[in-house]
Structure formats: C-alpha cells, structure tokens
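Please open the structure in a viewer and keep the selection panel at hand.

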Protein chains: 4
Amino acid sequence: MIISTKKGTPQAELDRIIDSFEKQGLSVTLIRGTDYNVFGLVGDTTKIAEKDVLANPWVENVTRVSAPYKRANRLFHPEDTIIDVNGTKIGGQSPIAVMAGPCSVEGEEHMIKMAKLVKAGGANFLRGGAYKPRTSPYSFQGLGTEGILDLVKAREATGLPIVSELMDEAHIDEFEEYVDVVQIGARNMQNFQLLKAVGKMHKPVLLKRGLANTIEEWIMSAEYIMAGGNENVILCERGIRTFERATRNTLDLSAVPVVKEKTHLPIIVDPSHATGDYKYVESMAIAAVAAGADGLEIEVHDNPQCAWSDGAQCLKPDKFAETIAMCRKVAAAIGREM
Amino acid sequence: MIISTKKGTPQAELDRIIDSFEKQGLSVTLIRGTDYNVFGLVGDTTKIAEKDVLANPWVENVTRVSAPYKRANRLFHPEDTIIDVNGTKIGGQSPIAVMAGPCSVEGEEHMIKMAKLVKAGGANFLRGGAYKPRTSPYSFQGLGTEGILDLVKAREATGLPIVSELMDEAHIDEFEEYVDVVQIGARNMQNFQLLKAVGKMHKPVLLKRGLANTIEEWIMSAEYIMAGGNENVILCERGIRTFERATRNTLDLSAVPVVKEKTHLPIIVDPSHATGDYKYVESMAIAAVAAGADGLEIEVHDNPQCAWSDGAQCLKPDKFAETIAMCRKVAAAIGREM
Amino acid sequence: MIISTKKGTPQAELDRIIDSFEKQGLSVTLIRGTDYNVFGLVGDTTKIAEKDVLANPWVENVTRVSAPYKRANRLFHPEDTIIDVNGTKIGGQSPIAVMAGPCSVEGEEHMIKMAKLVKAGGANFLRGGAYKPRTSPYSFQGLGTEGILDLVKAREATGLPIVSELMDEAHIDEFEEYVDVVQIGARNMQNFQLLKAVGKMHKPVLLKRGLANTIEEWIMSAEYIMAGGNENVILCERGIRTFERATRNTLDLSAVPVVKEKTHLPIIVDPSHATGDYKYVESMAIAAVAAGADGLEIEVHDNPQCAWSDGAQCLKPDKFAETIAMCRKVAAAIGREM
Amino acid sequence: MIISTKKGTPQAELDRIIDSFEKQGLSVTLIRGTDYNVFGLVGDTTKIAEKDVLANPWVENVTRVSAPYKRANRLFHPEDTIIDVNGTKIGGQSPIAVMAGPCSVEGEEHMIKMAKLVKAGGANFLRGGAYKPRTSPYSFQGLGTEGILDLVKAREATGLPIVSELMDEAHIDEFEEYVDVVQIGARNMQNFQLLKAVGKMHKPVLLKRGLANTIEEWIMSAEYIMAGGNENVILCERGIRTFERATRNTLDLSAVPVVKEKTHLPIIVDPSHATGDYKYVESMAIAAVAAGADGLEIEVHDNPQCAWSDGAQCLKPDKFAETIAMCRKVAAAIGREM
C-alpha cells in the first residue's frame, strides 16, 4: 500500500503515521518528494481500509498495490479451480458448461418439457427461477417451493443438475436439499448477509456480477463466500449498467480475461440478461466462448410471448440448439471441448 | 402504454395483439404508420411488463406513458406525505431534518458523547450503524445487538430518535422494538425480500438509492414497501456510480426536484457517502438544502482518523455545527425552517 | 412519433398541437387515456427534435418510433454496404479486414519495417497516427505531414492501403491525396464541423465511436457524413467509458449485432483501445470475430516499451500473428473468410 | 509517480528501470515488498505517460501522485484567478456572474429583445449560439456570422458582454473581433486542435466539461489552452452522462468544490444543459450558487415552444428573474455578492 501525504506535513505527524503502521506489523519506507511525501507499506495490508487512512487530513491519496482478496487471488493459487457438480465439471480445461432453461419455473409439466428440450439442444445444466427478484411488487414473484420441486422432477427426468436463484436465508435448507448450484443474483451481489450464509453451504455458488459493480468488488464478494468456507464459487458476467440503451445492459466480455488473470475461479457468461433481447443472444454466446468463458447461461422458452417473465430475451429451443452447435464449432477452433 | 410493431406485421397478428390486451380490460387504438404500426393502450397497465410485450418478434418497441407505480405516485396523491417520528416531522413544509452521528456505533460511552455533540451541533436525529455492510469480509462488521442497545442509551441521554441500518430479516423484531427509523442501505435497495419484510413493519423506512439505480427503480422499491402496508418511506439520495473518481460517488442533486415532482414522499440527502470526502461535505450539504431537500444525513466523528469505519467522510463536531449553521441561513433564504 | 400530454390539457391546446403537426404534413391520431392523452404522428418526423416538442409545458414525454436517421438505416437500404479500398473490400461477406500498425508513426524506416511485419502477420491495411490527439499538451503530438509521407513509403513497400486519423479540416487536401481510409477519432465523433468536411471527401471514412456516445448518436454521426455525400462509412467500436477500471474502456461487443440490425454499414472492432492492455487484446480480437465484426484494428509495435505512444496496448509482431491465426480459425468456424 | 513491478522481476530489469528514469532526471527509490517491488519517482513527472510505463510487461500498475497539470494547478498558484471581461469580473470573491440568453440566435430584433429581458432579470452577460453543434444533420445549424452580428447589436443595445460557442478554427478572427467570451462546447472539450487554437486567442475561454470526461481530463484541456498562452479559462460544469434518464445529463455539483481545491480557475454551472428540463433549472441554479459556483449560464427564451433549439430547457423571462432573485438571497446567505 502506498500513501502520499501533503507538502508541509509536520515531521511529528510523519513519525506518528510510521509508528501506527509499524505497530500493525508492517514495514514502512518513506520517500520524500518535491511536493509530496510518500510511504510504502510492506506486509499484509488486506485489513487496512483505504477510507480509514484517508481520514487523516495530511493524507492526499492511498493506492493499493496488492489486491484486497486472498482466497480468490491467482497469485496465491495459480492453478485453475475446477468445480464438480454431480460429476459434471466447470473450470480449467473442462468442457464449456451450458446452463439453460426458462427464466421462471412455470409448473412441473412445462419444466420437464423444457428440460428435455434444452438437453436435446446441448445443455448440461438446467436453470429455472422459483424465487424471482422483480422490480415491481405487482409482477409475478415465482412459484417458490413448488417451483423448486418442479425442477427436481425435471432433474429426475433428464439427469441435468439444477441451478436456481436463492434470495433469502430462510430458504437455505431447501436449496441445500434440492438444488445443485445456488445462484446469487446481480441485485444481491453485495447482500453480505446472504453471502455469509451461502459461505456455509455445501453446494457450489454461481455469483452473478452486480449491475454497477467493478470486477474487484465482484471478486471481493466471492471472497466473502470463500472466507465462510465454501470455495466452490463460479463467477457469472451478465452485463453492467451503462448509458447505452440499445441493449438492456452492456455485456463486459473483457471481464473474462481479466477474471482469469486475477483469480483461479471459473467464469461463465449470461448473454440473455446482458442483452435483454433474443436477437443479440446468439452472437454474444458465440463471442463469450471465443473470449474464453468456462460456460454459458442462456434463457430458453418454447413460447417466449407467453413466458411468465423475461420473454424478450428467451431463445426458442430450435434457435438455442443452433446457437450451441455454432458455439461448439468455435470452441473446437480455439481448442476447447463443449 | 404505446407499442410499435414492425412494418409487414400480418393483420392476423395485429388482431391477436389487440385481442390479448382487450382481454386484460384495456382499450386499444391502432395507428397505422408508414414504417410502423402503433398501438395505444388505455387503462391500468401497471401489471404489464415491457419485457414480456417485447417477446413478440413483431414488436419493435414499447413505451410506458404512465409511471409503473401507484402508491408513491404524486398523480394520485398530490399532497406531500409528512412522516412523524416520535413527534419530529419530515416532509412537506416541516423543518429540514438533520440526521447525524458516526458511521459505526463504537460503544455506549462514545455513542452518548457523539449524540450530545451532534445534538449541540443541530442534529434532531441520531444515526449510527450496528450492522455494517462492508465490501471486505475482513473489515469490521459492526457491534450488532450491542450497538443497537448503545444507540438506545444515547437516545435516552439526548431524546434524539435513532436511525440505523437493517441488513437482515432476522433482526426485524429488534429494530421494531428499539429503532425509530429503519434504514435500508444502497446495496439492499433491490433486496426485494428485505423490502417486503420492512413493508410489514410499523416504523418509518429510510430507503437509500442504489449505486446504479434509476430514480424510477428507486421509487419502485418504495412502492414495494408501501404495497406491503408501510406508507412511511423517506427516500435518501447518496450518490450514484459514474466514471468520475475525484469523488467516491456522484451526488445527483437533481434527484431532489425529480422525486418531488413524481412522488409525494420526503427526500433527504447524504453528502457524506455521496462524496466520500469530508472536504466536500459542507458545500454539498448546503447545496442540498438549496435544492429543496427535506433533510440531511451526515456522518460526524470526534476523531475521524480513529473511526472504526469511513473516517475519510466524517466531519468533526465543530465543522458539523458550522455546516448546519450555514445550512440554516440558506434554508431561511429559500423560506424553509431548519 | 408518440407524444403524451398531461391530464387536464385544455381542448384548445390539443387542437393547437394537432394543427401545428398537420401543417408540417404529418397525420395525427389522438388517443384519450385515463391519466394522459397521447398523439401518434405518422409521416417523416426526422426533422422534429424531441427537445422542441418537450418545450410545451403540457407535454409529458415524447417517443420516437422511427429512427432519426435515413441514409444509414437498414430499413430503407436492406443490403449490406460493401466498401472498396484500392480493391480490398470491407463489409457484407467480404473477408474480415485486419488493420494493424503502431499507434504513432515513428519515422520512415520504422514504418516500413512495421508494415512488413504486420503484413506478414496477416494485416491487409496499415494503420499509423501522424496527428495524435493527446490528453496532455506536454505529450508527443505526432510527426504531422512527415508521418503521412512515411506511411506512403510503407504503402509503396508493401502494397497495404493506409489508415490514419484526421484531426483538422486544414489537412483535408493532404489526406485526400495520400491516405486511403480517413479515420475520425472517438474524441471527434461529434465534432460536427469535421464530419461535414469529411462528408465531402472522396475517401472512405472510419468513424470511431465516442467514449460516451450511444449507438444511435454514433449512427447519427455517420448520417452527417453520408448527408454530405460520402456514403463510404465504416463504423469502429473501440470501447465506451463506464465505472469499470480494470480495462481502460469497456468493449461493447453487443454493438456489433445492434449496428448490423439497424444499419447497412460495415462495423469493425478495435480491441487495443477498448482494453488498453495488451494482455486482453487477443481474447477480445477473437471474440469480435466471433460476434460478427467485419474487421479488426489492432496496434502492433516491435518494441512496445519504447513506443512513442500507447505502448501498453500494443501487441508484439509474433503475438499479433498468433492472434490473427486464431481469429482465422474462428472465422472459418462461423463461415467467414479472413 | 509510483510504479509497482511483479514478483520475480529480474534484478537486471529493476536496474534497467531505475537507470531509465534517472536518465530523465528523476530520483528513484526502490521498496521491496512481499509480492511486489515498488518504485517511487521524485521530480517532474508530468511528461511521463502512465500508458508508456505500463508497456513494460514487468510493470503491474502505475499511480500518479502529483497532478499531470501545472499551469492550472492550485498547488503552484494558490490565489484564485480573476478574469476581467470588459470590466466585469469572474472568480475569487467577485459577484456571481449570470450568463443568460436563448440557445440559438434567432435574428437581430429577437436578440435585442432577449438581451433587454435577461438584463432586466439579472444577467450580466448575454449568451446566444450562432454556430450550433446538432446531433442531427437535418436540424437547424445556426445563423453563423449573421448571428454573431446580431449579438453585437444586442451588446450595443444593453452593454452586456457576449458569450458564444466557437466550433471551427476558421472562425477565430471573427470571434477575436466580435465576441467577449469564447465558449468551447462539451463535444469539443477534447478537440485538441481547437484548444490549441483558442490558446493563442486574446479573449477569455469558457470551457464546458465533456459529457464523459473526468474532472482531471477537463483540467488537462484547460491546461492545453493555458499552455498556448491564454491563461483566462473559465470552467463550466454542464452535467455528465450517466445511466439516469429522468434528466438529460446528471449535474455533478460536487465538481465545484473539487475544481476549487485542485485549480485556481473560476467555475460556473449550466443547469439548463445539465437537466435538459426547465422544471428543474431553478432548483439546480440555486443549489449551484449554494455549492460555491462563480457563475451561472442559463437559457432563457420568451417563447420556448417556438425556440429554434432546446426549448425544453429554457426558462421564460419572468421565471428567470424569479430564479435569479432567489439565487441572490442564497448568495447573500453564504456571504457572496451577486
């Protein structure tokens, strides 16, 4: 950590600063500049918050040299983490995962039908929302437990492991019992209470990036889960909020190489939520594979106009199958299985 | 709601669309254009999601004419909502509220000391965090229940009503019993589970704007709380995330007149979190009063360098008193009490 | 165009509005709603500015149904535009173009060397900046005319057509004489004076997207050039400014399918400026090809640490060749030549 | 400047780095850390570009401690710059300036009428656009020279100095002869060619902040003008582009205290372009004064619905007079004249 202090900072204050950091076990070097003095701190600075150092009015700015995360940091864990979900692996050189299904669970019969369709189209995971975060209190909020049980039936019918979003600590037992991958939605990426709770679960967690969260904050949220004991975190890029309105969000595909450089965790991409428009899902799915993503999460519905939520971004089953077929060709071109 | 469909949409499809909306009790007018056909829907469209309409591939775009919220909408509730907290009022032409105190509760003695200092400086509410949302799992996470009880002692010592952040449904009983204003933090603005829960509480809710949330989404989150039965919602602008880095967030003061136009709810401003830097808090507090805010929330600490969190944005008690004195002059200039 | 007016707008005002639009040759339909009245305008509304309509205090909001551009609009020009540069074609099903070279021209000898290296690595256009837009007045500002002449020598040596940035109307004759593709930089995307000037040139224009410009504004800037008579516009996505700092800008790859849907113009991608970091250029170049881009613009330097500008985002020649080789495999996978 | 290099950087490379900076006259200190080595450079680093240092693959990141600007830097020029325009002063403790008038010049008679109206309402500068930057090539582009001459007539009639936007180097002589304050618009803030040109003018420059430019980039653009010899630069905050759509842009009022801390230049605020909506102009004008702005720029039109451009954000003359009267009360409350 590098701290610069204003011109004219009294010697007594410089001494006090050095002393306070040395007491925390850090080694401190002072560089005297023309207009600023600069301190370099060596040692474990993950517990020092920049904002607290800035409270000192003599301090001009603070820069972190080391990343504020440890468990997720590739520096201390160079090999890729590979996550095993009922025998299907994600990460490293594992085949690219395909999670697909409707936005919302819409009943047992429909869920089983959709599971069969997405499996036929190339999915190796089934997604479906039983608890739905909706902007409006007047929108459909999900089937709840009934929806989870419908997913279980669909897993029985197809063998596909199931991915579903957890919104409430109160449902942790239910998810621990029935769900294979616990999704934390973008709007809950910094719901630290929930992160702590899933950190104690025994199921892999799919952590979506928040709409306005930096990659560093996203990795810090993974760190929360890992610090709780659950090291099986899959990151999911799903678009960030920008000024552009032609797409619902802006898919940040460069997050794929950045995350792979900074961490050892797998990263997948959700082109459905990123674009919000079925017309752009195919090209972004293919691009995500080309960028090096470890998996895709895609919304599929047999009748998007009647979907209970988010129909505008759903692919129909035949278009989905076509998209995955094209993704496989691109995966082969870059030397990955799918 | 206005829906435009592509050139060449078959008549049967136009008929089907008209029919489906008429079945929902809406009256539909079709305008045939050169390149598009446009439908106007008249009636209550709050239950129709734009995204679902867009699932129809013949649909080009959808525009909402009426706001998607009702209870919070000034159109249906023209008079200002005035919220009464233990006799102190917020909103309408009530005196401008001043909520102040340290970021984190740091023990009973310190809390009482700070309560006396902020009261002397002009505060009529005491703020303090007992449960802290922190980006890093390695940072101090708050004193919890002990912190809430320290706030209660400070209230006893000064008479100031207390404001504190709720992060977890599990603490609702505790907040219902001890806290006067329940704060929902920016990172939980779309934690719909928590919004539903506070919608059933009997205490006013201070709803902070999310880092990347539009004013409309923010009002929709207020609507969630109101739809649950709790109409006492105070909105709090605390800066949004932009590309600028000279300040931690960008204070969106124009949200004040926008919120006052669209809703009847009171709106306050938090210049401490918005700027993240004590040097800019005073001018932004004064500007917020000038812009028409119904209150301020300001972080104050007697020794910011030793604050347990967020010291960089805390005012010292004397600077706080000076800031409030200047705010009062500006309030008087625009004809408001403070 | 759809215009909604407030509840209570007097009939005389509604009549006046209808009359004013009918005088402009538009056909007007009025839909009376519960809380709003809505007008639908049919006809050519490209000359009506939303902002002017909003000046009427009875107007609540205005929505454009048709796009505000015509010449660039795919609706009126369904076939892809294919641009011919000295026999090399860009757009449609033409082979994917590769524009490469150093950020700045650094002298004749170096330019010829670089031209040979990028040609060997797979480039079919040579890029190099002779006039450089630099954030600091104290940075190197480009070799000027000398740099243009160095590019000409490199073209003679390799046959590669040359692409260079125009910053000033004063250099138009020079560019008309020597340069093959005239680049307009991101910071000048809304320098309307310059757009008008290149609209009268006889050379294709490469129009970079502005840092904070929507896709619609970008197409409108292409429309400026086309309205001047120069229909040969190539769009170039080069990243937009967001809150994320791990990359210099955020590459918006979804702009590729959006631009292809809305316009008939070719679109290329510049992963060098988008990411600002050589480590991420390869994966984003491959992803751009996968997304359907008609070309790439990549910065290459034989000694990035000594580059006169932007070394951090330059690929070395061997890495460039490797990147293009991988891009070709992906192009083949999706059925495109490169 | 602080440079951190990766773990494992060879000693020879560290020596090479030290040597290369020492050759540029800088003094270099090396701090060896656990995971990184850090260099501190002391001396004038304004000519070193971060991006060039980052081209070295051993370098992890680079932090500037000193600001990259000198002439605009308050550190080297502690007193406020006060700019004298025909005897009217802006900056320091001068009375708060009020620049007002229509968006576009609409003819001599109208211009004189508007000049008298804004003068009566409290303006001490007259603004009006003769050359207009318009997003669409089909919109009115300004009266040109005729508009400049209309402004001159209005100045003769009222004595108000005139402010108008320069878009093209070709008009510099005209502006030097007729205009009192030369405005550089937001879209040209990084048109470095134009900045260099106005740097040689003898008239004060009003430099608007770009839609997506940081405060540091904005100050760097002022530095461009100052480096050319023209030290009379007034900065103008006019809203930045964010995800929010309730206002056209987001007014960043915290830029006022930030600019005053970092530079000695005057800063004014344009609430008209910032909000894009006349309903929010008054409260933002008052807030700007409260925040410490040295002036306001406000669009005023006697018949906004018929304004030739930007009617939606114009105040009518009586509302303008009322707004300025309220601003004066607030100015008095904070101890400033207006």
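How many residue pairs are in polar contact between chain A and chain B? In this predicted model, the count is 20 residue pairs, both members being at pLDDT 80 or more.

**First stop: chains A and B**

Select chain A together with chain B. Here 48 residues of chain A are in contact with 48 residues of chain B. The two chains bury about 4,500 Å² between them, and carbon and sulfur atoms give 49% of that area. Display Lys51(A), Tyr138(A) and Gln305(A) next: these residues supply 16% of the area that chain A buries against chain B, more than any other three residues.

The count of salt bridges between chain A and chain B is two. To inspect a salt bridge, select Glu217(A) and Arg241(B), whose closest N and O atoms are 2.6 Å apart.

Now colour the helices of chain A. On the side that touches chain B, α1 (11-23), α2 (50-53), α6 (192-198) and α7 (215-227) of chain A each supply at least two residues. The largest share, five residues, comes from α7(A). Coloured by class, this side of chain A shows 18 nonpolar, 13 polar and 17 charged residues.

**Second stop: chains D and B**

Contact joins 36 residues of chain D to 36 residues of chain B. The buried area is about 2,700 Å², with 72% of it on carbon and sulfur atoms. Within chain D, Phe243(D), Glu244(D) and Tyr280(D) lose the most area to chain B, together 20% of what that side buries.

Four salt bridges are counted between chain D and chain B. Select Glu261(B) and Lys279(D), which form a salt bridge with their closest N and O atoms 3.6 Å apart. Among the helices of chain D, α8 (255-262), α10 (278-291) and α11 (317-333) each supply at least two residues of the side that touches chain B. The most comes from α10(D), with eight residues. By class, this side of chain D divides into 20 nonpolar, eight polar and eight charged residues.

Show chain D as a cartoon and find the open sheet of four strands, ordered β2-β3-β1-β4 with antiparallel pairing. At its edges stand β2 (27-32) and β4 (59-63) of chain D; each has a single partner strand, so one side of each is left without a neighbour in the sheet. Neighbouring strands are turned by 20 degrees against each other on average, direction ignored.

Finally, select β2(D) and β3 (residues 36-42) of chain D, which pair in the antiparallel sense over six bridges. Ile31(D) stands opposite Val38(D) in β3(D).

How values were computed. Residues numbered from 1 in each chain as written. Chains lettered and ligands numbered in written order. Predicted model: local features only at pLDDT ≥ 70, side-chain atom pairs only at ≥ 80, totals over all residues. Heavy atoms only, no water. Contact = heavy atoms within 4.5 Å. Buried area = accessible area lost by both parts, 1.4 Å probe. Salt bridge = Lys/Arg side-chain N within 4 Å of Asp/Glu carboxyl O. Nonpolar A, V, L, I, M, F, W, Y, C, P; charged D, E, K, R; others polar. Pairing = 2+ DSSP bridges. Axes fitted to C-alpha atoms, helices over the stretch in contact; angles between N-to-C directions. Polar contact = N/O pair within 3.5 Å; in protein donor to acceptor, adjacent residues only side chain to side chain.
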